[in-house]
Amino acid sequence: MIIVMNDPSKEEIDRIVDKLRQHGLEGNCLQSNGKTVITGIGNATTTDVGFYERMPGVEKVISIVTPFKLASREFRQEDTVVKAGNAVFGGNVLGVIAGPCAIESYEQLRETAVAVKAAGACMLRGGAYKPRTSPYSFQGLEQEGLKILHAVSEEVGIPVVSEVTDPRNVELMSDYVDMLQIGTRNMQNFALLKEVAKSDKPILLKRGLSSTIEEWLMAAEYIMVGGNENIVLCERGIRTFETYTRNTLDLNAVAVLKHLSHLPVIVDPSHGTGHWRMINPMSKASLGAGADGLIIEVHPCPEEAVSDGQQSLTPGNFGQLMQELKMMAVAMGRSL
Ligand code: PEP
Ligand code: MN
């Protein structure tokens, strides 16, 4: 933190330096452009910043403190590797999750699971509780869907992820899935974040549709401070003025997060673009930007999907994409 003082008395400077010492910070005083500047070096908090702002002689306090701690690179320098079943996210390995937007039937999910596993996906996705914009749209098969998901996981031999939308369902869902997804609409549902923090399942934390990177990392912080450090961040596009694509896939966020945080970051080009034709190029762009993996919607018959058919790949398109991504991974010195 940097404390700028306007013509302070010696007592005012000494008081600041004393306080910094009491807060465990090292204070150094220097003169700059006729101003007195004190640098407070150490583990300051945002509360400290507010405190110094009110001290006599202080003109302003410039915070160089990040509000997120446990999620920050300063806290942990090396990349965190998150394991969910036998799927791995982070480190040298690229993980691709694939599957339908919503679980519709046993056959639909099994057919998809067999195809995406054969193509190299490490995890199957499928929504059982669908947070739809319209209350008249298909809301998901709920617990029946979870049973299908679990049975397909066992039969095909692939770990599974599904979205939890209600704190009351966290325990129930943990019996059926290997990873819990927090969707974009719930990124700041703090009751839900606190509940999944108590779970022993890893969390796939999607970015809120109008959330800043800092707000997103603070959501991760909620989960981490509550006891669950196994988090994979997922960029899924944000709202902008552009309407041609469903959302604007913010690949800047991938590069920013890899710098700011040790947590693995994956990208969802399906919700990020909303068009199946754009999944291939944006998947490649995501890996190029440094993403640790992808989550892609795949449906055996997209034109008949109950949700998000327009952005779903066929198993054939997905297989082709995976071939291309494998070559890219080799070029980048990573494995897929
Ligand atoms: C999903 O992945 O099924 C989903 C609803 O995504 P999002 O929360 O990103 O809209
Ligand atoms: Mn979807």
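A: What follows goes through the sheets, the helices on them and the ligand site.

Q: Before that, what are the ground rules on numbering and confidence?
A: This is a predicted model, where local features need pLDDT of at least 70, side-chain atom pairs count only at pLDDT 80 or more, and totals for chains, interfaces and linings use all residues. Residues are numbered from 1 along each chain as its sequence is written, chains are lettered from A and ligands numbered from 1 in the order in which they are written, and side-chain values use heavy atoms, with hydrogens and water left out.

Q: OK, the open sheet: what's the strand order?
A: The four strands go E2-E3-E1-E4, with antiparallel pairing. Strands here are DSSP E runs of at least two residues, and helices are H or I runs of at least four, numbered from the N terminus; two strands pair if DSSP finds at least two bridges between them.

Q: And which strands are at the edges?
A: E2 (26–32) and E4 (58–62), each pairing on one side only. Neighbouring strands in this sheet are turned by 20° against each other on average, direction ignored. Axes are lines fitted to C-alpha atoms, for helices over the stretch in contact, and angles run from 0 to 180 degrees between N-to-C directions.

Q: How many bridges does E1 make with E4?
A: Four, between E1 (residues 2–5) and E4, in the antiparallel sense. Ile 2 has Ile 62 as its bridge partner, and Met 5 has Val 58.

Q: What about E1 and E3?
A: Those run antiparallel too, joined by four bridges. Val 4 is partnered with Val 37 of E3.

Q: Which helix lies across that sheet?
A: H1 (residues 10–22), which lies across E1, E2, E3 (35–41) and E4 and runs at about 10° to E3. Contact here means heavy atoms within 4.5 Å.

Q: Switching to the barrel: parallel or antiparallel?
A: Parallel, with eight strands closing in the order E7-E8-E9-E10-E11-E12-E13-E14. The twist averages 25° from one strand to the next.

Q: Now ligand 1. What surrounds it?
A: Ten residues have a heavy atom within 4 Å, among them Glu 163, Gln 181, Lys 206 and His 271. By class, the shell has no nonpolar, four polar and six charged residues.

Q: Which polar side-chain atoms lie by its oxygens?
A: Arg 236 has one 2.6 Å from a ligand oxygen, Lys 130 has one at 2.9 Å and Arg 185 has one at 3.1 Å. Taken alone, ligand 1 exposes 290 Å², and the protein buries 96% of that, using Shrake-Rupley areas with a 1.4 Å probe.

Conventions
A polar contact is a pair of N or O atoms within 3.5 Å; within protein, one must be able to donate a hydrogen and the other to accept it, and residues adjacent in sequence count only if both atoms are side-chain atoms. Ala, Val, Leu, Ile, Met, Phe, Trp, Tyr, Cys and Pro count as nonpolar, Asp, Glu, Lys and Arg as charged, and the others, Gly among them, as polar.
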